[in-house]
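Dear colleague,

Please find the structure below, followed by an account of what was found in it.

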Amino acid sequence: MMTKHLIQSLSIALLAALPLFATAATEPLDRIAAIIDDDIILASELEGRLSQIRANLAQAGQEVPEERLRREVLDVMIIESIQMQMAQRVGLRISDEQLNAAMARVAAQNNMSLPEFQRALDEAGTPYALAREQIRREMILQQVQRGNVNQRIQISDQEIENFLESEEGRSRTAPEYRFAHALVPLSSEASDSDIRAAQQRAESVAAKLRAGSDYQQLGSDSVRVSDLGWRKLDDVPSLFAEIAPTMKNGEVSAPLKSASGFHVVQLLDSRGHQELIRQTRVRHILLKPSAIRDEQQTRELAAELRRRALAGESFRELAKAYSEDIGSAQEGGDLGWTSPGQLVPEFQETMDNTAPGDISQPFKSRYGWHVLQVEERRDEDVTAELRRRMARSIIHERKYQEELDIWLRKIRDEAYVDIK
């Protein structure tokens with residue numbers, strides 16, 4: 001049975017895969033199909049959308065009674081109109097840069113370059129400009145939906161705990177492994193000398209991998225190589241499932257024999273098993289150019305404060321006295337433990353290149369001029385926190401569609417709609 005969800009999915013260009021349909025010629029009709037608050041839907045617009053949907057349904061081998069199809073497509077267009085008017089009222093816009101990036105993603109998802117995608121659209125009878133506007137419209141609709149629906153979703157700590165303790169939760173948040181695999185094949189009739197030669201080739205492959213060779217360059221007529229992709233432990237081949245949890249990233253196994261030959265695996269990467277991130281404890285002094293202190297004077301003051309700190313004055317007290325970062329000045333410039341990506345790039349780069357106990361040269365970010373002091377570093381295990389984030393994301397995704405359906409019905413009921 002056709003549902004409104006399927007109608008909606010067929011009626012608008014999705015970012016994941018834009019359908020390459022031929023736009024059927026329709027005769028414009030100078031009449032109104034529906035009035036929705038401050039907007040109207042013309043009969044010609046409805047007929048154009050129906051033509052697209054009929055083409056997609058025919059391609060999918062599905063049939064829907066015409067009366068029902070017309071009613072449901074019009075209802076989808078009404079709900080879209082309501083959302084587009086909401087976007088207009090708050091001034092929501094999609095920039096050309098955002099749209100160009102989205103078009104490039106759609107092309108890549110169709111395994112095409114952007115010029116190839118344009119040609120494919122032209123060959124299918126869909127003008128590129130029309131496709132861009134369909135994508136722009138879909139992006140606006142998605143932003144309106146996310147902005148209104150996300151605030152309706154509440155996820156408690158207890159829900160997260162319950163999910164993590166469930167069988168589904170344990171399975172979906174289980175560690176994942178990505179292996180490179182090399183197989184030296186053996187026939188079922190291989191002789192003892194063939195087996196020894198295959199084992200030697202497998203040992204040679206393992207040695208080259210340990211020496212830093214790329215597994216992709218080791219493939220030959222006698223060695224088959226592949227990337228097994230990301231797999232949970234339950235999906236790892238049983239031959240090396242036992243050793244997978246014990247291997248470290250980059251580690252190479254000894255040759256493992258099976259009925260098909262000798263296998264060598266290298267753990268390319270893992271996630272969720274134990275996630276360690278390098279954290280830094282840092283203090284800083286921020287100085288901002290102003291009407292009474294120009295850029296050069298601000299930089300010189302930062303350099304002077306650095307010299308004073310190197311001469312023995314307390315960096316903490318200097319930050320209290322001079323720093324213009326209201327969030328940290330009273331704490332002596334202390335930013336606490338910071339994780340990668342938490343700070344602006346200029347700050348992150350300088351901090352990463354400063355040894356514990358050292359004070360950086362003055363550097364500039366969009367906030368002003370900084371001098372920082374790295375106090376210490378540590379490797380923090382964030383595995384539990386990442387599992388909780390993953391659980392929250394899964395629960396959110398599950399609740400989102402339900403809340404979206406409720407919200408769409410609500411705005412439809414509250415709008416003024418006059419179907420002609």
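**Helix packing and an open sheet**

Helix H3 (residues 66-89) packs against helix H14 (residues 383-414) at an angle of about 85 degrees, and their axes lie 10 Å apart. Helices (H or I, at least four residues) and strands (E, at least two) are DSSP runs, numbered from the N terminus. Axes are lines fitted to C-alpha atoms, for helices over the stretch in contact, and angles run from 0 to 180 degrees between N-to-C directions. H3 is therefore roughly perpendicular to H14 (a term for angles of 65 to 115 degrees). From H3, Asp 75, Ile 78, Ile 79, Ile 82, Gln 83 and Met 86 make the contact, together with Trp 407, Leu 408, Ile 411 and Arg 412 of H14; contact means heavy atoms within 4.5 Å.

This is a predicted model, in which local features need pLDDT of at least 70 and side-chain atom pairs count only at pLDDT 80 or more, while totals for chains, interfaces and linings use all residues. Residues are numbered from 1 along each chain as its sequence is written, and side-chain values use heavy atoms, without hydrogens and water.

There is also an open sheet of four strands, in the order S8-S7-S10-S9, with antiparallel pairing; two strands pair if DSSP finds at least two bridges between them. Strand S8 (334-338) and strand S9 (363-365) are at the edges with a single partner strand each, so one side of each has no neighbour in the sheet. From one strand to the next, the twist averages 40 degrees.

Yours sincerely

Methods: Parallel < 35°, antiparallel > 145°, perpendicular 65-115°, else oblique.
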